[in-house]
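Subject: Structure handover and findings

Hello,

Here is the structure for your files. My notes on what turned up follow below it.

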Amino acid sequence: MSGTKFKVKPRSRVNIRRVANAVRKVTNCTTAKFPIMHVLEFTLPMLDENFELIVLDEKTMGANHGFAKPTKGIIALREDVYYGAIDGNPRDLMTAAHELGHLLLHHETHFMRTSADVPLRAFEDSEWQANCFAGELLVPANIVASECESINEVMELFGVSREAAKVQTKAFQKEGLINWS
């Protein structure tokens with residue numbers, strides 16, 4: 001819904017990072033590139049018998065790349081996004097991780113709609129939280145700090161877009177987690 005925002009329980013980037021790191025740990029991810037599609041297709045259904053990944057055609061989804069219904073345990077991806085994520089397309093990987101963020105961060109949330117006129121603080125905005133989760137899951141601070149010295153290295157190591165690499169490294173620099181010249 002264009003112009004509609006959803007206010008959720010406040011979460012800091014540090015809190016969201018803990019959740020993302022816990023997901024990496026629970027899924028036994030030992031690689032820099034997080035296997036988001038493997039997790040959505042195979043791991044989550046084993047961990048939660050109620051979880052369902054749905055792939056819908058573009059006619060059904062329209063401009064919507066994906067959505068999550070956290071209280072029902074559902075993630076839906078548009079078909080081209082699903083296949084793009086399988087092929088490693090950075091934007092599609094981010095979309096899949098974003099929807100996982102909604103599922104995990106907002107599963108007990110009763111969304112409160114606010115109009116576009118009502119300012120939301122970022123840490124109370126469901127979209128900011130899901131974006132933050134996706135970034136933290138796909139580009140973890142500890143690996144960036146130990147293995148990367150540039151945006152290009154972040155993009156290569158994690159398979160993310162330049163924009164995602166910039167957003168994450170800017171946040172890490174602000175927090176003092178990395179110190180690039």
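First, a term: a polar contact is a pair of N or O atoms within 3.5 Å; within protein, one must be able to donate a hydrogen and the other to accept it, and residues adjacent in sequence count only if both atoms are side-chain atoms. This is a predicted model: local features need pLDDT of at least 70, side-chain atom pairs count only at pLDDT 80 or more, and totals for chains, interfaces and linings use all residues. Residues are numbered from 1 along each chain as its sequence is written, and side-chain values use heavy atoms, with hydrogens and water left out.

**Two arginines**

Start with Arg13. Its side chain makes a polar contact with the side chain of Glu136, at 2.8 Å. Arg13 sits in helix 1 (residues 13-26); helices (H or I, at least four residues) and strands (E, at least two) are DSSP runs, numbered from the N terminus. Arg13 is buried, at 17% relative accessible area. The cut-offs: buried is under 20%, exposed is over 50%, and partly exposed lies in between (1.4 Å probe, protein chains only). Leaving out residues up to four places away in sequence, Arg13 touches Trp128, Cys132, Glu136, Gln168, Ala171 and Glu175. Contact means heavy atoms within 4.5 Å.

Next, Arg11. This residue lies in the loop between strand 1 (5-7) and helix 1. Arg11 is also buried, with a relative accessible area of 14%. The side chain of Arg11 pairs with the side chain of Asn15 in a polar contact of 2.8 Å. Beyond four places in sequence, the residues that Arg11 touches include Leu105, Phe123 and Trp128. Trp128 is on the list for Arg13 too.

**Helix 2**

Which residues of helix 2 (residues 36-47) are buried? They are Ile36, Met37, Val39, Leu40, Thr43 and Leu44. An α-helix has 3.6 residues a turn, so residues three or four places apart point the same way. The cover over the buried residues of helix 2 includes strand 2 (52-56), strand 4 (74-78), helix 4 (79-86), helix 5 (90-105) and helix 6 (126-138).

**Two other positions**

Asn28 is not a glycine, yet has a positive phi of about 55 degrees. Asn28 lies in the loop between helix 1 and helix 2. Asn28 is exposed, at 61% relative accessibility.

Ala22 belongs to helix 1. At 38% relative accessibility, Ala22 is partly exposed. Ala22 and Glu163 are 141 residues apart in sequence and 24 Å apart in space, C-alpha to C-alpha.

**Whole chain**

The protein chain has 9 helices and 5 strands. Along the sequence the pattern is β-α-α-β-α-β-β-α-α-β-α-α-α-α. The radius of gyration is 16 Å, which agrees with the value near 16 Å for a compact globule of 181 residues. That radius is taken over C-alpha atoms; the globule rule is 2.2 Å times the number of residues to the power 0.38. The C-alpha atoms fill a box of roughly 45 × 40 × 30 Å along the principal axes.

Buried residues make up 45% of the 181 residues. Of the contacts between residues at least 6 apart in sequence, 63% join residues at least 24 apart.

Best regards
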